[in-house]
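Open your viewer, load the model and keep the selection panel at hand. We will go from stop to stop, and at each one I will tell you what to select.

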Amino acid sequence: MNSLTSALHEKLAQALAQVHEAKSVQALYEVKVAFAGKQGFLTEIMKEMVKLSKEQKPLFGKEVNQCKTAFETTYQTREGQLQEQELFEKVARDSVDVSLPGLKIPAGAKHPIYIILHEVVAVLSKLGYTVRTGPQIEKDWYNFEALNIPPDHPARDMQDTFYIDANHVLRTHTSPVQIHALLSEKPPFRTIAPGSVFRCDSDVSHSPNFHQVEGLLVDHKVSMAELKGTISFLLSELFGSAIKVRFRPSFFPFTEPSAEFDCSCPICASKGCRLCKFSGWIEIGGSGLVNPRVFEAVKLDPAQWQGFAFGFGIERMAIIKYGIDDIRLFFENDLRFLGQFSV
Ligand code: DAH
């Protein structure tokens, strides 16, 4: 055996070992390029043939061809193995475990303020009340003057009211909707106005933006007894028939007489708790018979028309209903808080 032939066999043995060791189709291919590629080992060694005698040349050529075939056969077997292995790995990587639970798409929840608001609307519409809204930016006249709140009234204090300009405010209550209703509707009528109101105030129990519901009933003859009946019905529908309601004399410029109304604490059944400040009662809102001066402001004859009105905060209702003690939670939109009200 000449030295070229032994170099050839040595290299073939090396290349076959590399074929067996190759861990990927790509690594395997690189072994092939180096051994049998256009500029690989076999091509180079063929160039050395010139050094051989005339008799040795064809024998060596045959030898090279045999090596090439031997390499090719081993190569293809290994390539098949590696391709199969890579396929298995890919399938394992991409596989889907159909027994796993599906992705949960969380359902949205109604905001607690919205829930209460709709309950109030549902209860009062049973009594024939329509629902109306009013502007959140109000003329001073609607928010104050027509409601018998004169310019020097403490309710107008700069600390409470967001003034837009000398004539316009962010409404501080829903009561101005009473004026819109009185100006646009022909009495007798009964209506409620839920909506956003604004005051310069912010702490655990006050938010600069909160919600109220206003109620107004106008007819020829209206009594405090009817007002009490309406409020009692509303509160017992909202908090359960075991609830007790009480009225306390109070003052509002737009009602005369005026009364604030409380309900017995539904959290502790009037035994005394933090929410009712151990009094057994919770303040809900204000009410009264429409002050004749309000009728005069909208050019209705107070000798012909009477009415009752009431107003209360929705956040307060939600605080009672859900036992929440920080009003800011309603406005922060923390999904962990809001998610608890999903139905
Ligand atoms: N507007 C009052 C407030 O924001 C609440 C109120 C009291 C409304 C008496 C009324 C009423 O309709 O009759 O504090």
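The tour begins at the ligand and then moves on to charged side chains.

**Before you start**

This is a predicted model, in which local features need pLDDT of at least 70 and side-chain atom pairs count only at pLDDT 80 or more, while totals for chains, interfaces and linings use all residues. Residues are numbered from 1 along each chain as its sequence is written, and side-chain values use heavy atoms, with hydrogens and water left out.

**Stop 1: the ligand shell**

Helices (H or I, at least four residues) and strands (E, at least two) are DSSP runs, numbered from the N terminus.

**Stop 2: atoms facing the ligand**

Which ligand atom lies 2.9 Å from a polar side-chain atom of Ser175? It is a nitrogen atom. Glu214 places a polar side-chain atom 2.6 Å from a ligand oxygen, and Phe310 has a backbone N or O atom 3.3 Å from an oxygen of the ligand. Taken alone, the ligand exposes 360 Å², and the protein buries 89% of that. Accessible areas come from the Shrake-Rupley method with a 1.4 Å probe; for residues, only the protein chains shown count as cover.

**Stop 3: Glu214**

Stay on Glu214, which is found in strand E6. Its side chain joins that of Ser175 in a polar contact of 2.9 Å. Such a contact is a pair of N or O atoms within 3.5 Å; within protein, one must be able to donate a hydrogen and the other to accept it, and residues adjacent in sequence count only if both atoms are side-chain atoms.

Glu214 is buried yet has no salt bridge, and the nearest side chain of opposite charge, Arg199, is 8.4 Å away. Buried means under 20% relative accessible area, exposed over 50%, and partly exposed in between (1.4 Å probe, protein chains only). A salt bridge needs a side-chain nitrogen of Lys or Arg within 4 Å of a carboxyl oxygen of Asp or Glu. As for charge, Lys and Arg count as positive and Asp and Glu as negative; His and the chain ends are not counted.

**Stop 4: salt bridges**

How many salt bridges does a search of the whole structure find? There are 14.

- Select Lys47 and Glu44, whose side chains meet at 3.2 Å, N to O. Both lie in helix H3 (residues 41-47), three residues apart, about one turn of the helix.
- Move to Arg132 and Glu185, a salt bridge of 2.3 Å, N to O. Arg132 sits in the loop between strands E1 (130-131) and E2 (137-139) and Glu185 in the loop between helix H7 (176-184) and strand E5 (189-198), so the pair ties together parts that are 53 residues apart in sequence.
- Finish with Arg246 and Asp262, which meet at 2.9 Å, N to O. Arg246 is in strand E7 (residues 245-252) and Asp262 in strand E8 (residues 255-264).
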